[in-house]
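Thanks for coming. I will go through one model, starting with its overall layout and then moving to one helix pair.

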Amino acid sequence: METNQNRGLMASIFGMRCPRCREGKLFNTPTFSYQKPTEMPSHCPSCGQNYMPEPGFWYGAMFISYIWTAFACLFFVGFGIFALGMSINGAFIALVITCAIFFFWIFRISRSIWFHIYVKYDPLAKERN
Ligand SMILES: [Zn+2]
């Protein structure tokens, strides 16, 4: 019955796996290859979960992205100014560079979080497929 030992929730979110089986990958290419960064398969290769459950589904990920990056940016700039003694301009330049580098990672993690909120984990999904 137990095939692959089950991935934890955090490992599944940050490993960008299918929320239903926690095995199939959500994206076709590695994040930092920067090739086809937004491309996803239409269904989970492992359990068959539809990766587009309803029209406009991924708009929700935009709000997830906005919420957590707003706090992360605030912390980043605050840390630069108060802990590292950077100037305000310096902290914001560092922020913009960091956001540019991690842009697609942020995009993907936000989709992964959103999908994991929406779809329930089903350890037997793969067998049932
Ligand atoms: Zn799956």
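Which pattern does the protein chain follow, read along the sequence? The pattern is α-α-α-α-α, with five helices and zero strands; helices (H or I, at least four residues) and strands (E, at least two) are DSSP runs, numbered from the N terminus.

This is a predicted model, where local features need pLDDT of at least 70, side-chain atom pairs count only at pLDDT 80 or more, and totals for chains, interfaces and linings use all residues. Residues are numbered from 1 along each chain as its sequence is written.

The C-alpha trace spans about 55 × 30 × 25 Å along its principal axes. Of the 129 residues, 17% are buried, meaning that 20 or more other C-beta atoms, placed from the backbone, lie within 10 Å of the residue's own.

Now helix α2, residues 59-83. At 1.5 Å a residue, its 25 residues should span 36 Å, and the end C-alpha atoms are 36 Å apart, which agrees; the expected span is 1.5 Å times one less than the number of residues. After α2 comes G85, with a positive phi near 70°.

The axes of α2 and α3 (residues 88-101) come within 9 Å and cross at roughly 140°. Axes are lines fitted to C-alpha atoms, for helices over the stretch in contact, with angles from 0 to 180 degrees between N-to-C directions.

Which residues of α2 meet α3? They are C73, F76, V77, G80 and I81, by contact of C-beta atoms within 7 Å.

Technical notes:
A residue is buried if 20 or more other C-beta atoms lie within 10 Å of its own, exposed if 12 or fewer, and partly exposed in between; C-beta atoms are placed from the backbone. Two residues are in contact if their C-beta atoms, placed from the backbone, lie within 7 Å.
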